[in-house]
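Good morning, and thank you for joining this group meeting.

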Amino acid sequence: MSEADGLRQRRPVRPQVVTDDARVPEAKGGSSFSGRVFRATFLMLAVFLTVPLLGAMMLLDSPIDPQPLSFKEPPLLLGVLQPNTKLRQAERLFENQLVGPESIAHIGDVMFTGTADGRVVKLENGEVETIARFGSGPCKTRDDEPACGRPLGIRAGPNGTLFVADAYKGLFEVNPWKREVKLLLSSETPIEGRKMSFVNDLTVTRDGRKIYFTDSSSKWQRRDYLLLVMEGTDDGRLLEYDTETKEVKVLLDHLRFPNGVQLSPAEDFVLVAELTMARIRRFYVSGLMKGGADLFVENLPGFPDNIRASSSGGYWVGMSTIRSNPGFSMLDFLSERPYLKRMIFKLFSQETVMKFVPRYSLVLELSDSGAFRRSLHDPDGQVAAYVSEVCRRPPQWPLWLSSMPGCPWLYRPTGDGVLAESPQRGIIITAGWAVAPITFLCLIYFLTTQSKMFCKQASVCL
């Protein structure tokens with residue numbers, strides 16, 4: 001053996017360094033197996049969730065047949081629209097004594113409103129007293145409304161009486177002192193061949209002769225207002241009733257959920273809120289423009305409910321729900337996607353959808369030309385929720401009125417008086433139902449629009 005061979009035999013063996021590279025094939029095999037198990041499990045869960053959903057979408061009928069609608073981008077909530085907390089400066093009155101008051105009227109210092117249980121009530125000296133009912137039977141649920149009646153718009157007439165619009169029964173004149181009720185126009189009376197299914201709000205001339213009122217739909221009743229909004233039905237009308245001749249005229253037709261109405265101070269035109277379209281229309285009833293119509297204001301920051309005069313010569317408008325900008329407006333989003341609307345009401349009842357109504361409250365004051373003058377907010381609905389109406393009232397009655405069934409109370413402003421229109425006048429705000437963005441329903445949109453991509457990726461993984 002040579003010296004070189006001896007050196008080679010005595011050379012120490014280098015220790016073998018074990019790295020992760022040596023286990024790469026095994027690790028890949030394990031990862032592939034566990035990954036397939038996870039993906040298979042996930043896909044099975046997805047199938048269990050989506051198959052019943054798709055089956056319901058195909059087999060169930062939708063109660064609505066919506067058409068696509070187009071909206072402008074909502075106005076930015078800046079300047080006079082800047083969110084604030086002015087609506088929180090109130091205290092609750094008559095708590096749990098009123099059920100969903102919608103609109104208000106006053107004769108002197110006495111207040112009157114209609115409630116969700118079919119009553120017209122008088123509010124005086126802290127007491128609630130029933131003065132009229134237009135229906136009968138139990139009035140506990142939404143399905144009881146057609147028999148029970150649902151007083152909505154209410155106005156004071158020139159002779160100490162009240163004019164009331166009942167959603168199911170028609171137009172009434174009520175003498176609150178004698179408890180006398182007179183039917184002026186029944187909802188069963190066809191107007192130009194069409195029935196009135198949803199009598200909503202009204203406004204009366206100073207002499208009490210003409211009543212201008214809205215019939216929100218010939219198809220949908222008040223208890224199905226959410227379906228009316230989502231379908232975007234254009235069968236609403238603005239009508240005129242003559243208390244002397246008993247004649248009824250259709251002034252505007254093909255409106256999408258006409259709601260609140262208000263005569264101008266000069267009584268030369270009538271404003272009508274077209275809720276579904278987030279705008280207010282104007283119809284001229286006298287003067288050179290008589291019989292004409294135009295847009296008073298469009299692209300509102302919310303969907304308008306009732307309109308009432310302000311002390312400045314302008315108008316207060318209650319918003320049933322807000323169109324956030326910056327932010328996300330679900331109703332704007334759904335307006336161009338009728339298939340999603342159909343899907344929603346195949347899967348969810350109106351009651352379920354309404355549980356996700358956000359408690360954002362907004363009222364807006366417009367100038368006599370329709371410009372935004374100021375806005376009052378309660379972003380979380382902590383005090384005032386679901387505002388539908390704002391009205392001028394004497395200083396001893398600066399109240400707010402809530403009409404959501406879950407908010408059975410009145411409101412009275414407190415604090416530094418930021419809610420008062422002037423030192424001589426106060427305001428009353430009524431809060432009604434609202435239609436709201438439902439964020440979780442975006443999940444449905446995701447499942448339907450991304451299903452093809454999901455299935456393709458899942459098949460590749462398996």
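Predicted model: local features only at pLDDT ≥ 70, side-chain atom pairs only at ≥ 80, totals over all residues.

I begin with the hairpin of E4 and E5, where two residues lie between the strands and Asn125 takes a positive phi near 55 degrees. Residues are numbered from 1 along each chain as its sequence is written, and side-chain values use heavy atoms, with hydrogens and water left out.

Some terms are needed here. Helices (H or I, at least four residues) and strands (E, at least two) are DSSP runs, numbered from the N terminus. Two strands pair if DSSP finds at least two bridges between them.

Strand E4 covers residues 119-124 and strand E5 covers residues 127-133; six bridges pair them in the antiparallel sense. Arg119 has Arg133 in E5 as its bridge partner.

Which strands make up the open sheet, and in what order? Four strands form it, in the order E2-E3-E4-E5, with antiparallel pairing. Strand E2 (104-107) and E5 stand at the edges with a single partner strand each, so one side of each has no neighbour in the sheet. On average, neighbouring strands of this sheet are turned by 25 degrees against each other, direction ignored; the axes behind this angle are lines fitted to C-alpha atoms, for helices over the stretch in contact, and angles run from 0 to 180 degrees between N-to-C directions. E2 and strand E3 (residues 110-114) run antiparallel and are joined by four bridges. Ala105 stands opposite Phe112 in E3.

Val120 lies in strand E4. Is Val120 buried or exposed? Its relative accessibility is 0%, so Val120 counts as buried; buried means under 20% relative accessible area, exposed over 50%, and partly exposed in between (1.4 Å probe, protein chains only). Leaving aside neighbours within four places in sequence, Val120 is in contact (heavy atoms within 4.5 Å) with residues including Thr113, Ile131, Phe134 and Leu162. Val120 and Leu162 are 42 residues apart in sequence, and their C-alpha atoms are 9.9 Å apart in space.

Next comes the disulfide, defined here as a pair of cysteine sulfur atoms within 2.5 Å. By this rule the count is one. The disulfide joins Cys139 to Cys148, with an S to S distance of 1.8 Å. The torsion about the S-S bond of Cys139 and Cys148 is about 100 degrees, so this disulfide is right-handed. Cys148 counts as buried because its relative accessibility is 3%.

I turn to the nonpolar cores. A nonpolar core is a set of buried Ala, Val, Leu, Ile, Met, Phe, Trp, Tyr and Cys residues joined through side-chain atoms within 4.5 Å. The largest has 29 residues, of which Phe198, Phe257, Leu334 and Phe345 touch the most other members. Helix H4 (225-231), helix H5 (330-335), helix H6 (338-347) and helix H7 (350-354) are the elements that give two or more residues to this core. H4 provides the largest share, six residues. Apart from this core lies another, of 19 residues, among them Phe269, Ile280, Ile322 and Leu362.

Finally, the whole protein chain has nine helices and 25 strands. Of its 462 residues, 52% are buried.
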